[in-house]
Amino acid sequence: MRKDLLGLEGLSREEIEEILDTADVMREHLDKGEINLDYCRGTSVVNLFYENSTRTRTSFENATRFLGANQVNIAVASSSVAKGESMYDTVRTLESIKNNIVVIRHSMAGTPHYIAKKVDAHIVNAGDGQHEHPTQALLDMLTMRRHFGRLEGLTVAIIGDIKYSRVARSNIFGLLTMGAKVKLFGIKTLMPKGIEEMGATICNSIEEAIQGSDVIMGLRIQLERQTSGQFPTIKEYFTEYGITMDRMKLANENAIIMHPAPVNRGVEISGEAVDSDCSRIFEQVTNGLAVRMAIIKLMVEGK
C-alpha cells in the first residue's frame, strides 16, 4: 500500500488486488458481526469533507470505529476554514495534533494530491471534483469480484452522467487495469470529449451498452453539477435512457445491476430494477465499508 490513496490512475494490478484481498477479510469480519477489532488501535483518522456526503463519510466513520481507531469529524462550516484558513494549514494543524490519516473530499480536482505532497500524514481521496473517487471504484470492483469470482474478462457498461462522474473515471482506470472491458453510454451533452482516449468503448445507444454486458452500472444524474438544458425532461430521460428490467434482457446471463447511489428511482433506473434479484446496489454499501476498513488497515500497517 502506498503512503496515500489519491486515485486509481497509475495503480498496478497487484496494488489493487492487495486492497481487494484485504477487503475480503474485512467483509468476513462484518458478516460475522465482528465490529470491535483491534487492528488500528492508537491510530487517529480525520474526516475532512468540504462537500456534502452521507454514504462515504458515514462509511469512513464506521470503518474507523470498527477497526478500533480514534475518529475525528471536522465540521468545515464551523471550523477555522470558515475564518479564512487555507486547507494546507488546516491539514498541517490536524497532523500536528497527531492525526495519522486524513480523509479529504473537495470540489476542486487535485486537492488531495496537492496536500499529500506537503504533509507526512496519510491522505485518502474521498472524491475530488470531477476527477476521481477511488474508494467507490474499489468497492464496485469488490462487488463484481465477489459475484463473478474475477474481474478479468468481464464487460462492464457504465450508463448515465459520464461527464460529471468521478466514479466513472476511477472505474475506467481500475477496471481496465484489472483486465475488464468498459463500455460507456450517455446522451451527448453528458459525455465528455476525449473520454474514449482512456480506453473505454463508446456506445451509441443504451441497448448497445447493455447488450452482452456482465455488469450494468447506472450513474446518478448530478443536477447540482450541471447547467440547465443538458437533457430533456426527467420523464423523457427515463423513457429513452433509463435502466429497466426489460432492457436488462439484453445483458449476459447472471448479469448484475450496480449504482454508486443515491439512486434517483424513475430517472436513471427503475425502482423495479433497484429492488430486483440481480441488483447489488445495497451490497455495494456494505462492500464500501469493507474497502475503507482495508485501506485504513493497510496504511496503518505501512504495507
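Reader: Is aspartate 38 buried or exposed?

Author: Aspartate 38 is exposed, with a relative accessibility of 55%. Here's the scale: buried is under 20% relative accessible area, exposed is over 50%, and partly exposed is in between, using a 1.4 Å probe and protein chains only. Just remember that this is a predicted model, where local features need pLDDT of at least 70, side-chain atom pairs count only at pLDDT 80 or more, and totals for chains, interfaces and linings use all residues. Residues are numbered from 1 along each chain as its sequence is written, and side-chain values use heavy atoms, leaving out hydrogens and water.

Reader: Okay! What does the side chain of aspartate 38 meet, and in what kind of link?

Author: First, the idea: side chains of opposite charge can pair when their charged atoms come close. Aspartate 38 meets arginine 41 in a salt bridge, 2.7 Å from N to O (that is, a side-chain nitrogen of Lys or Arg within 4 Å of a carboxyl oxygen of Asp or Glu). Arginine 41 is exposed as well, at 55% relative accessibility.

Reader: How many salt bridges does a search of the whole structure find?

Author: The search turns up 17. Take the one between glutamate 15 and arginine 2, whose closest N and O atoms are 2.7 Å apart. Glutamate 15 sits in helix H1 (residues 13–31) and arginine 2 in the segment before H1, so this pair ties together parts that are 13 residues apart in sequence. Arginine 2 is partly exposed, at 41% relative accessibility. When I say helix or strand, I mean a DSSP run (H or I, at least four residues, for helices; E, at least two, for strands), numbered from the N terminus.

Reader: Where do arginine 27 and aspartate 31 lie?

Author: Both are in helix H1, four residues apart, which is about one turn of the helix. Arginine 27 is buried, at 12% relative accessibility.

Reader: Now the sheets. What is the strand order in the open sheet of five strands?

Author: Read across it and you get E7-E6-E5-E8-E9, with parallel pairing. Two strands pair if DSSP finds at least two bridges between them. Strand E7 (201–202) and strand E9 (256–258) are at the edges with a single partner strand each, so one side of each has no neighbour in the sheet. E7 pairs with strand E6 (residues 181–185) over two bridges, in the parallel sense, and there lysine 183 stands opposite threonine 201 in E7.

Reader: And how many of the residues in E5 are buried?

Author: Five of its five, which leaves E5 mostly covered. Look at alanine 157: it faces lysine 183 in E6, and its bridge partner in E8 is isoleucine 216.

Reader: Which order do the strands have in the open sheet of four?

Author: That one goes E2-E1-E3-E4, and its pairing is parallel. Strand E2 (70–74) and strand E4 (122–128) are the edge strands, each with a single partner, so one side of each is left without a neighbour in the sheet. Strand E1 (residues 44–49) and E3 share five bridges in the parallel sense. In that pair, phenylalanine 49 has arginine 105 in E3 as its bridge partner.

Reader: What is histidine 106 in contact with, leaving aside neighbours within four places in sequence?

Author: Contact means heavy atoms within 4.5 Å. For histidine 106, the contacts include Tyr50, Glu51, Met87 and Arg166. You'll find histidine 106 in strand E3 (residues 101–106), and it is buried at 15% relative accessibility.

Reader: Last one: how far apart are serine 170 and leucine 8 in sequence and in space?

Author: They are 162 residues apart in sequence and 5.8 Å apart in space, C-alpha to C-alpha. Serine 170 is in helix H6 and is buried, with a relative accessible area of 0%. Leaving out residues up to four places away in sequence, serine 170 touches Leu8, Glu132, His133, Pro134 and Ala137.
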